[in-house]
Amino acid sequence: MKKVFFVISLTVLLALPLTADSFTLSLFQSTTDNLYQSVFAESDHVSNLGFFLSKDMGKVGLFAQGSYSHVYENSQMTYYTQDLGLDHVWPLGEKSALYLSFTGRGAFYRSDFSEYNYLALNAYGNLKSYLSQTSILKADYSLIFKGYQNDVYDFTSAAVNATVDKYLQSRTTLKAGLGWGYKYYLHPFTLDVPEAELFDPEEPAMAMNRGNSQGKGSQNSQTSPGTSSAVPQPTEGGQGISYLALDALVAQGLGEKVGLSLTARRQWPLFGQNPFTYVQEFYLVENPFYDRFSWVGFQGGLGLTILIPWDAQLKLGYTHSDKEFPGIEALDLEANLTGKTRRDRRDLWEIRINKSLGSFGVTLNYAYMDNRSNDPFFAWDGSFFSVGLEWNTPWGRKQ
């Protein structure tokens with residue numbers, strides 16, 4: 001199946017640029033002092049080379065997107081993703097339109113992380129309708145299936161979101177949204193690990209391995225350095241988790257060069273919990289444990305956008321989040337269970353500068369995060385910096 005997907009991807013990638021309507025190439029160089037986003041801070045650099053191309057085939061559009069991320073010091077986390085898809089837009093009268101897309105994706109890691117390899121299918125629909133000259137209704141639906149090399153991660157998910165945008169003469173934008181999501185793990189597991197094997201404080205790389213020792217639960221984790229030798233025990237049947245969310249945005253234009261925005265999201269659990277023992281984030285590296293289904297709680301942000309000299313755009317942002325992780329129990333410094341659900345409070349400060357140079361775009365971004373958790377393993381702070389270059393150009397004959 002992977003070989004077939006690779007052959008199809010290669011064929012499309014070689015053929016599409018010859019007649020593509022648009023082509024985008026991007027290169028981002030990033031650095032951080034906390035790659036594993038844990039108490040064991042570890043510096044590293046990540047290079048990302050990506051492309052996107054599309055072709056209008058008349059009744060449908062064909063697009064392809066690829067991304068190669070190379071991690072320098074922890075090269076076992078290097079991976080490549082490839083998307084292939086079809087999409088189309090249907091006008092529905094004078095005030096509405098429906099967009100549909102079907103996408104296949106493959107993600108491929110090096111051997112140490114090969115259990116994260118997956119093939120995915122995604123069906124997506126978006127409806128946009130003008131309720132009046134100053135208000136818009138938007139609704140979307142997504143259905144995703146991911147099949148991993150390690151099938152304990154396999155899942156299917158569905159999500160529905162609806163928003164109403166209102167534009168006022170005072171240059172104020174108001175947005176309110178309601179969202180629902182459901183994720184079903186096809187083959188969840190339980191894992192019995194002796195407390196002494198949970199992690200070794202003397203091992204610097206345990207910011208990754210602690211999550212792997214119980215969260216990964218594969219045959220690879222039995223032999224990987226620093227991981228537990230415990231064997232996962234499959235549970236009977238699947239396991240689901242669902243949430244309900246409310247979103248709000250207020251944006252205000254302040255003159256011709258300044259814009260201010262305030263965002264908020266509140267997410268509640270409906271039923272179910274995460275089937276894994278740990279939830280861990282990696283910097284710029286996708287993993288099966290952390291996504292929008294992993295947490296419930298609150299997230300809010302304040303943003304300021306300023307047009308600065310040389311036609312550049314400056315963005316300043318602050319985000320605060322207070323998240324709990326259903327099914328994830330916090331541990332103390334000796335790796336003993338505390339009986340409390342893990343809870344993280346995070347502050348994020350961000351500065352971004354965008355500059356357009358015709359078909360080229362340059363981006364500079366700096367972020368600082370301070371994560372406070374009742375699990376001391378996830379009490380950390382870190383800095384993140386990236387510089388990016390993007391080239392966007394018509395590639396073939398314009399339609």
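The model is predicted, so local features require pLDDT of at least 70 and side-chain atom pairs count only at pLDDT 80 or more, whereas totals for chains, interfaces and linings use all residues. Residues are numbered from 1 along each chain as its sequence is written, and side-chain values use heavy atoms, with hydrogens and water left out. The protein has 2 helices and 18 strands; these elements are DSSP runs numbered from the N terminus (helices: H or I, at least four residues; strands: E, at least two).

**Overall composition**

- Of the 399 residues, 43% count as buried (buried: under 20% relative accessible area; exposed: over 50%; partly exposed: in between; 1.4 Å probe, protein chains only).
- The protein exposes about 20300 Å², of which carbon and sulfur atoms supply 62% (Shrake-Rupley method with a 1.4 Å probe; for residues, only the protein chains shown count as cover).
- Among contacts with a separation of 6 or more, 60% come from residues 24 or more positions apart (contact: heavy atoms within 4.5 Å).

**Strand pairing**

- Strands β8 (residues 155-167) and β9 (residues 172-185) run antiparallel and are joined by 13 bridges (strands pair if DSSP finds at least two bridges between them).
- Within this pair, Val164 stands opposite Ala176 in β9.
- The two strands β8 and β9 form a hairpin with 4 residues between them, and Arg171 in the turn has a positive phi of about 65°.
- Strand β9 also pairs with β12 (residues 239-254) in the antiparallel sense, over 14 bridges, and Leu178 stands opposite Leu246 in β12.

**Salt bridges**

- The structure holds 15 salt bridges (a side-chain nitrogen of Lys or Arg within 4 Å of a carboxyl oxygen of Asp or Glu).
- Arg105 forms a salt bridge with Asp83, with the closest N and O atoms 2.6 Å apart. This pair links distant parts of the chain, Arg105 in β5 (residues 96-109) and Asp83 in β4 (residues 79-92), 22 residues apart. Arg105 is partly exposed at 26% relative accessible area, whereas Asp83 is buried at 11%.
- Asp247 and Arg265 meet through their side chains in a salt bridge (2.8 Å, N to O). Asp247 lies in β12 and Arg265 in β13 (residues 258-272), so the pair ties together parts 18 residues apart in sequence. Asp247 is partly exposed at 28%, while Arg265 counts as buried at 17%.
- A further salt bridge joins the side chains of Arg352 and Glu350 (3.5 Å, N to O). Arg352, at 33%, and Glu350, at 26%, are partly exposed.
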